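This report describes strand pairing, a helix and the nonpolar cores of one protein model. The sequence and structure are shown first.

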Amino acid sequence: MSAATRPAEAATDGTSPREVVLFPGGGIDMGNMRDTPLLDTSYLRRISSFLGIDFVDRLAKGEVGSEPGPYQTSVAALTYACTRQRYRGARPMAVIGQSSGVWAAAALMGAIWIEDACRLLMIRGDLIAEASARHGEGRMLSVVGPAPDETAAAVAEIDGCWVSGVMTRSSVTLGCRLEAREDVERTLTEELHANVVRLPIDFASHCPLMAGVADELKKAMGDLEIMDRGDTGAVEFYDCFTDDPGPVHPGSLWDRLARNVEEPFDLLSTVKSFDDDALFVESLPNAGIFNMIRYSGISRKRIIKAG
């Protein structure tokens with residue numbers, strides 16, 4: 001049964017059976033992460049020790065933004081830690097993972113240990129770096145103001161630029177080659193009067209510059225022997241793929257996790273696929289990237305923070 005149609009059930013643990021947890025990807029603002037009071041958590045410390053990387057210290061200094069592996073892993077560990085505090089002994093109705101956030105989402109629903117998720121994110125980061133070297137160095141931009149189709153039309157003729165994801169009715173994410181960035185920024189600001197923000201990451205995901213990453217990541221997933229899944233039937237998983245905003249079939253979960261970095265996403269369509277009684281939970285108290293959901297026609301009252 002779809003999370004969009006599942007009837008409400010009584011909750012006895014302080015959480016709502018209608019809760020849908022949103023996990024952000026690597027485009028989350030670094031300043032927000034550094035300001036998060038929950039930065040120094042036991043889970044983040046544990047993952048830091050497990051991987052041999054002091055995320056807490058490096059995040060505080062802003063040193064991981066250009067490194068895909070540490071950046072994505074620190075976001076996943078922190079968002080997982082925050083949501084675990086809310087869901088001890090309980091489960092949300094569904095989880096939504098956007099970009100690298102799919103790994104923390106999969107961990108919360110019980111499909112993978114958070115340690116293995118973080119190890120795979122480190123491998124994913126290496127593969128992203130290799131793809132950037134192989135297919136061309138890239139950058140990502142956040143475009144706010146025009147409707148998604150207007151932005152797409154404006155950049156369609158620019159070589160080396162693609163719509164990586166739709167966030168809201170007036171916000172998209174673009175992936176582009178480094179040499180195309182200034183042309184993209186000039187076109188959007190002059191023709192559409194858009195607000196264009198350079199995301200603090202030195203690569204471009206969800207576009208052709210990531211070709212080949214999914215196949216290599218599938219090999220790594222098999223090598224880590226993480227394929228014995230637990231009982232995940234109580235939580236539905238959404239990964240924001242543009243061509244399918246509905247819940248992911250359990251048999252397709254691992255393939256979708258691997259392919260996530262290559263294909264564009266549509267967070268707006270995924271969020272709108274839920275019934276009006278769904279209660280969305282930001283997995284990180286300061287995750288400003290999901291504040292934009294409030295401009296998708298969803299009431300402010302239907303978004304709360306995990307912490």
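## Basis of the report

The model is predicted: local features need pLDDT of at least 70, side-chain atom pairs count only at pLDDT 80 or more, and totals for chains, interfaces and linings use all residues. Residues are numbered from 1 along each chain as its sequence is written, and side-chain values use heavy atoms, with hydrogens and water left out.

## Strand 4 and its partners

In strand 8 (residues 265-266), F265 is the bridge partner of G165. Strand 8 pairs with strand 4 in the parallel sense, over two bridges. Helices (H or I, at least four residues) and strands (E, at least two) are DSSP runs, numbered from the N terminus; two strands pair if DSSP finds at least two bridges between them.

Strand 4 also runs antiparallel to strand 5 (residues 171-177), with six bridges joining them. A hairpin of two residues connects these strands, and T168 has S171 in strand 5 as its bridge partner. Of the eight residues in strand 4 (residues 161-168), six are buried (under 20% relative accessible area; exposed is over 50%, partly exposed in between; 1.4 Å probe, protein chains only).

## Helix 4

Because 16 of its 19 residues are buried, helix 4 is largely enclosed by the rest of the structure.

## Nonpolar cores

A nonpolar core is a set of buried Ala, Val, Leu, Ile, Met, Phe, Trp, Tyr and Cys residues joined through side-chain atoms within 4.5 Å. The largest has 61 residues, and those with the most contacts inside it include W103, L120 and F237. Helix 6 gives the most to this core, with nine residues. Another core, of 16 residues, lies apart from it and includes L141 and L268.
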